[in-house]
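Here is a short briefing on selected features of a structure. Keep the sequence and the model open while reading.

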Protein chains: 4
Amino acid sequence: MIVKLAGPDETVLQAVSAALEAMGGQVRLLALPYGTFLAALGLEHPALKPIQAMAGVAWARPAGSKPILAARELNPGGSRVQLGAVSVGGETLALVAGPCSVEDREQITSTARFVAAFGATALRGGAYKPRTSPYAFQGLGLAGLELLREAADASGLPVVTEVMEPGDVAAMAPLVDCFQIGARNMANGPLLKAVGQAGKTVLLKRGPSATLAEFVLAAEYILLEGNAQVILCERGIRTFETATRNTLDLNAVPVLKSMTHLPVMVDPSHGTGRRDAVAAMARAAVAAGADGILVEVHPDPARALSDGDQSLHFPEFRRLAEQLKPVAEAVGRRLELPESLPFAPHQVPLIRRAMGWGGSR
Amino acid sequence: MIVKLAGPDETVLQAVSAALEAMGGQVRLLALPYGTFLAALGLEHPALKPIQAMAGVAWARPAGSKPILAARELNPGGSRVQLGAVSVGGETLALVAGPCSVEDREQITSTARFVAAFGATALRGGAYKPRTSPYAFQGLGLAGLELLREAADASGLPVVTEVMEPGDVAAMAPLVDCFQIGARNMANGPLLKAVGQAGKTVLLKRGPSATLAEFVLAAEYILLEGNAQVILCERGIRTFETATRNTLDLNAVPVLKSMTHLPVMVDPSHGTGRRDAVAAMARAAVAAGADGILVEVHPDPARALSDGDQSLHFPEFRRLAEQLKPVAEAVGRRLELPESLPFAPHQVPLIRRAMGWGGSR
Amino acid sequence: MIVKLAGPDETVLQAVSAALEAMGGQVRLLALPYGTFLAALGLEHPALKPIQAMAGVAWARPAGSKPILAARELNPGGSRVQLGAVSVGGETLALVAGPCSVEDREQITSTARFVAAFGATALRGGAYKPRTSPYAFQGLGLAGLELLREAADASGLPVVTEVMEPGDVAAMAPLVDCFQIGARNMANGPLLKAVGQAGKTVLLKRGPSATLAEFVLAAEYILLEGNAQVILCERGIRTFETATRNTLDLNAVPVLKSMTHLPVMVDPSHGTGRRDAVAAMARAAVAAGADGILVEVHPDPARALSDGDQSLHFPEFRRLAEQLKPVAEAVGRRLELPESLPFAPHQVPLIRRAMGWGGSR
Amino acid sequence: MIVKLAGPDETVLQAVSAALEAMGGQVRLLALPYGTFLAALGLEHPALKPIQAMAGVAWARPAGSKPILAARELNPGGSRVQLGAVSVGGETLALVAGPCSVEDREQITSTARFVAAFGATALRGGAYKPRTSPYAFQGLGLAGLELLREAADASGLPVVTEVMEPGDVAAMAPLVDCFQIGARNMANGPLLKAVGQAGKTVLLKRGPSATLAEFVLAAEYILLEGNAQVILCERGIRTFETATRNTLDLNAVPVLKSMTHLPVMVDPSHGTGRRDAVAAMARAAVAAGADGILVEVHPDPARALSDGDQSLHFPEFRRLAEQLKPVAEAVGRRLELPESLPFAPHQVPLIRRAMGWGGSR
């Protein structure tokens with residue numbers, strides 16, 4: 001049972017908690033931006049009525065197979081989740097960019113610097129990598145995360161990175177602004193609970209065979225730990241089509257917006273698996289109403305240790321940002337692009353090379 | 001084998017035809033906007049070399065499992081297909097609108113008038129309806145087609161309508177500007193050949209479980225009859241997701257553009273099956289680079305004999321057109337919206353009612 | 001509306017027909033093995049009650065989105081459909097075998113002779129072939145059908161062959177025992193109606209993205225033309241899996257048996273697309289309760305003009321039949337295998353070669 | 001790189017290890033039933049040749065995107081994995097049965113006793129439950145596992161139970177004979193590594209959207225930890241079909257058998273989600289060549305806390321076992337069914353009730 005209190009009145013809270021516990025429920029206080037709630041798991045329907053009748057109780061709802069805390073009606077105006085300078089879900093779009101994997105200091109630093117210079121609002125990069133084959137590159141682990149943090153700090157960006165097991169959350173948390181739950185782990189209950197308890201922002205990716213209803217229930221696991229800082233991310237579903245790595249399902253954007261108040265981002269890199277389709281699908285995502293874009297960028301995609309086929313070259317990222325701006329404005333949103341470079345090109349050799357700015361220096 | 005001639009030289013044509021026939025091929029002349037071709041079916045690879053060596057032959061390619069005539073490289077700039085006043089594939093977007101089924105004169109006439117007034121460039125409507133259940137409304141047939149033609153003429157729009165069997169093509173042709181091949185019939189070879197021979201524009205919808213490679217091969221069937229007026233239309237594929245009727249696969253837009261020179265339209269009505277998602281996905285399609293939108297509009301969707309859930313109300317269609325215009329411009333395209341109504345509202349009671357323009361009259 | 005009469009009483013029939021027509025229905029008499037029915041299309045619910053009240057009416061049901069004539073409850077014991085010597089749906093399994101395409105006289109004759117000798121109960125072979133690419137072999141047409149008929153007659157087997165368009169039904173009918181509707185055409189309403197009217201047995205294959213509910217509705221189209229001789233055939237659905245050509249969905253067997261009284265066969269050749277999986281899946285189909293198996297056999301699969309990868313060599317077919325027999329018996333069914341060869345091996349060179357029986361003769 | 005040694009010669013082992021380490025590899029010894037191997041992760045191709053040339057090296061293979069240790073060719077006769085009295089992969093079939101969740105002592109004890117009496121070879125039951133909704137029953141945890149162990153011991157059966165996070169493995173291991181990795185966790189690398197290291201038998205379920213190639217790679221994660229006791233389990237994939245909860249993909253049986261030497265079991269309960277289809281699909285699985293069946297059984301499915309719709313009643317389980325026996329024999333396998341009850345029915349009230357054995361007591 002989920003109980004919404006009319007307000008954060010301490011006396012009411014004590015009284016309702018006590019009543020729920022007396023009925024045998026395990027009670028948990030959830031102070032979310034859109035209300036104060038008590039979750040009492042394990043209580044049956046008959047308990048609803050007496051609780052609903054208590055003073056200071058707005059409503060009590062039975063727990064079932066539908067989301068309660070993530071449901072749109074709980075916050076019809078839509079939630080905002082802070083990620084660095086951007087309030088995701090508001091007017092300004094989030095543009096999260098970076099390589100699939102952190103590979104070495106120069107790779108991540110130059111990428112961070114470049115994407116920051118051309119409009120990124122957060123830096124992504126994987127240190128712990130879920131891979132289909134045990135022989136594929138599994139990421140640099142904590143050492144990689146430290147490089148990522150360092151690069152992000154140098155460019156003034158927040159860090160978004162994937163966590164793969166509950167046991168890693170504590171060690172990673174000090175270095176992370178936003179935990180990504182990867183598609184493979186969308187339905188990993190212990191992991192969802194762990195990031196819920198960590199209190200950091202969470203970017204939750206849709207599982208490749210998850211329905212939208214299941215996706216929102218996965219978010220409900222996190223909210224039920226009292227963590228409201230959840231961003232959903234569509235990244236493609238698995239279908240029969242083989243021309244794309246996944247089938248990026250942009251229908252998810254309007255449909256999720258009708259189901260939940262949580263912000264919705266889109267990852268066209270994994271969604272298509274093809275560099276040549278990323279920009280078109282990013283534009284489409286923004287036009288469909290997405291609150292942000294997550295995109296893979298690499299200084300030299302042909303040599304990337306993972307996901308090279310879908311990673312943008314630096315000049316492609318710059319063009320993407322420039323293309324997204326007018327589309328955002330056409331649908332009443334904004335994307336802020338810096339007006340001048342925060343670095344002198346000759347100071348950043350890898351960027352210079354990647355951009356073909358080369359020359360006599 | 002497909003042979004491209006260097007030019008439309010009659011002597012060369014005779015010589016090459018004769019050579020192909022001498023080798024045992026059934027030869028067919030294809031005068032397409034991007035070249036003159038000879039198709040010789042049934043010839044094996046060894047025949048290639050001697051033909052390639054003939055004077056006036058640009059190239060000869062073996063027929064296999066890949067498209068030749070529909071392949072992008074044949075016309076890298078992209079093809080244009082005329083549909084009424086719009087050259088589909090060019091700068092201006094096509095906006096094809098109308099009800100799922102033609103139901104009666106007033107329904108189709110008022111819809112035609114309304115959509116024409118607010119930006120539609122062609123009228124769609126079904127007279128022959130493929131339905132899952134034999135008990136569902138199967139369409140008005142030829143009588144419905146006549147109503148559709150009449151309504152389209154009165155509003156100055158071309159007619160797009162579905163044909164279901166080869167035997168109907170001849171009777172329908174005089175009343176039709178563009179034959180639609182529905183999703184169920186994408187791989188219906190005899191029907192593809194029949195509309196290929198009819199020489200009318202064809203709107204070919206993707207089958208619900210067709211890969212993009214198969215989709216382009218279906219178009220190849222039509223081109224191989226010498227009919228180059230083919231528009232592809234993504235309309236959703238079948239996946240495990242149940243929140244939408246189909247999964248509109250916008251990835252198809254950039255991917256098809258890389259595979260074929262044919263124009264690509266998108267049908268967000270069938271693609272989502274939900275009225276509340278149509279506008280978002282139409283905007284997304286335009287941002288992804290679609291050459292046009294196909295959308296269902298009905299004066300009173302709640303009473304529609306088919307597809308009511310996904311049909312737009314009149315005011316929704318108007319808003320959609322207004323929303324598409326800035327998105328089109330943001331990606332370098334145009335959508336022309338009339339500046340003044342071509343009718344006085346009080347003259348069209350059904351439109352007045354549907355728009356809530358009611359009043360004292 | 002569908003009306004079941006209590007019995008085939010002519011007076012009742014006249015009276016009910018007249019009443020239905022007076023209400024505006026188009027009335028059709030359906031004399032099916034499990035009852036006499038009147039279908040009155042286009043009548044609304046209010047008409048039900050007065051009809052139900054008439055003498056001699058067993059029941060009247062409103063037409064909707066569910067099957068009526070194909071529903072299990074109409075014939076709970078299950079229907080039998082005669083195919084040559086086998087009553088499909090009864091104790092004895094049907095074993096339909098033959099090449100994908102009829103290629104020439106020797107190929108089809110030797111295959112017919114061989115499969116007949118080792119247990120086949122019907123001969124399959126395609127003369128009209130639906131192909132993804134217009135450049136693929138499209139079948140020999142009527143000439144191929146004549147070869148098929150001749151080969152079948154010589155071996156005493158009935159002919160099962162695909163029909164692709166309504167316009168071909170009349171010309172094919174005299175040469176065909178059982179029309180196959182291929183997977184691509186499962187939802188081709190005009191074709192379903194045409195074979196329904198032809199009055200021949202129909203083998204209806206499931207569409208690659210058709211739900212079982214849609215599959216049964218497609219059969220309903222045929223039954224509604226008064227043709228009860230319908231056999232369903234599961235042949236694989238399209239999924240994300242690429243190790244098999246399709247995903248043979250054997251769940252269809254028990255589930256269809258609960259939904260419909262029609263017999264259910266299984267085609268493991270198309271269902272898997274892999275010769276090495278055909279026998280295992282055929283055994284599985286029989287164990288699941290299938291009423292028969294449809295399998296592709298070719299004297300030299302490596303040279304087949306279509307579907308070579310999934311066609312069994314002659315010795316494999318023989319082993320398959322021998323393997324199916326004990327499985328059939330383990331689930332209370334029978335498969336009759338001839339005890340002696342109806343031909344002297346040396347008289348049939350192609351079979352001798354294919355079986356490795358060669359030698360000094 | 002994976003290196004196979006010609007034999008378990010300690011000198012060779014030392015020499016090759018040293019060489020690999022000198023090249024920079026992290027070396028791991030894998031003593032598997034079909035050979036002694038050294039895995040050296042992180043080494044590039046150039047290292048292959050010198051290693052291959054060393055004395056006592058059978059072969060060295062580069063690690064890539066394909067399985068090495070799980071590949072069929074490594075053990076063409078097929079592997080056996082002991083589970084209680086059954087050598088899974090051998091002639092005798094495994095029959096793993098029990099409730100979805102352990103609910104209380106009487107439920108699990110009576111189920112264990114019943115299934116043991118009628119042919120089960122192992123007891124399954126969930127103590128840690130992955131659930132789509134955070135409000136659904138999440139299992140009894142360690143307390144549930146203790147009840148399961150107790151029930152299994154009382155009936156002489158080994159325990160199969162799901163583990164959900166790496167952190168739980170150590171606490172669970174003493175109570176478990178076989179760790180189940182559930183479908184949601186098939187690609188959970190940290191969990192696969194953890195059970196690999198635990199050295200217990202692992203039943204690895206296929207993910208609902210995993211290809212068979214990915215499935216075998218997941219097993220490779222476990223083998224790469226030196227644990228060869230891995231059983232694969234097909235349990236249904238997610239498709240568009242809604243008549244079944246999942247689409248049990250029996251094609252997996254023959255195809256996996258061609259790809260890997262690991263035993264393959266089938267779970268028709270999750271695979272169909274329908275009690276009325278379980279027996280048919282279990283028979284089909286055995287006929288297709290499965291090495292065992294995993295099936296849910298509950299004393300009172302209507303009251304089950306999870307998966308009631310797909311759990312067999314006691315009498316249905318008994319019938320299932322009796323039906324599987326002749327099918328197993330028809331394909332050259334065995335299923336051993338006890339000849340007499342190991343308990344007096346009146347001593348087990350819940351079984352008596354569930355079987356309708358009631359009476360005067």
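A residue counts as buried if 20 or more other C-beta atoms lie within 10 Å of its own, with C-beta atoms placed from the backbone. The model is predicted.

**Strand E10 of chain C**

- Strand E10 of chain C spans residues 178–181, and both of its faces are covered.
- On one side, C:Cys178 and C:Gln180 are buried. On the other, C:Phe179 and C:Ile181 are buried too.
- In a regular strand, side chains alternate between the two faces of the sheet.
- Strand E9 of chain C (residues 159–162) runs parallel to E10(C), joined to it by three bridges. Within this pairing, C:Val160 has C:Cys178 as its bridge partner.
- Strand E11 of chain C (residues 201–205) also pairs with E10(C) in the parallel sense, over four bridges. Here C:Phe179 has C:Val202 as its bridge partner.

**Helices H6 and H7 of chain C**

- Helix H6 (residues 189–198) packs against helix H7 (residues 212–223) in chain C. The angle is about 45°, and the axes are 7 Å apart.
- Angles from 65 to 115 degrees count as roughly perpendicular and those under 35 as roughly parallel, so H6(C) is oblique to H7(C).
- The crossing of H6(C) past H7(C) is right-handed.
- H6(C) brings C:Gly189, C:Leu192, C:Lys193, C:Val195 and C:Gly196 to the contact. H7(C) meets them with C:Ala218, C:Tyr221 and C:Ile222.
- By class, this contact of H6(C) with H7(C) has five nonpolar, two polar and one charged residues.

**Chain B against chain A**

- The contact involves 35 residues of chain B and 36 residues of chain A.
- Four helices of chain B each supply at least two residues of the side touching chain A: H7 (212–223), H8 (252–259), H10 (275–288) and H11 (314–330).
- H10(B) gives the largest share of that side, nine residues.
- By class, the side of chain B that touches chain A has 21 nonpolar, ten polar and four charged residues.

**A sheet in chain D**

- Four strands of chain D form an open sheet in the order E2-E3-E1-E4, with antiparallel pairing.
- Strands E2 (26–32) and E4 (57–61) of chain D are the edge strands, and each pairs on one side only.
- On average, neighbouring strands of this sheet are turned by 20° against each other, direction ignored.
- Strand E1 of chain D (residues 2–5) pairs with E4(D) in the antiparallel sense over four bridges. D:Val3 has D:Ala60 in E4(D) as its bridge partner.

Key. Residues numbered from 1 in each chain as written. Chains lettered and ligands numbered in written order. Predicted model: local features only at pLDDT ≥ 70, side-chain atom pairs only at ≥ 80, totals over all residues. Pairing = 2+ DSSP bridges. Axes fitted to C-alpha atoms, helices over the stretch in contact; angles between N-to-C directions. Parallel < 35°, antiparallel > 145°, perpendicular 65-115°, else oblique. Left-handed = near helix turned anticlockwise from the far one by under 90°. Contact = placed C-beta atoms within 7 Å. Nonpolar A, V, L, I, M, F, W, Y, C, P; charged D, E, K, R; others polar. Buried ≥ 20, exposed ≤ 12 C-beta atoms within 10 Å, placed from the backbone.
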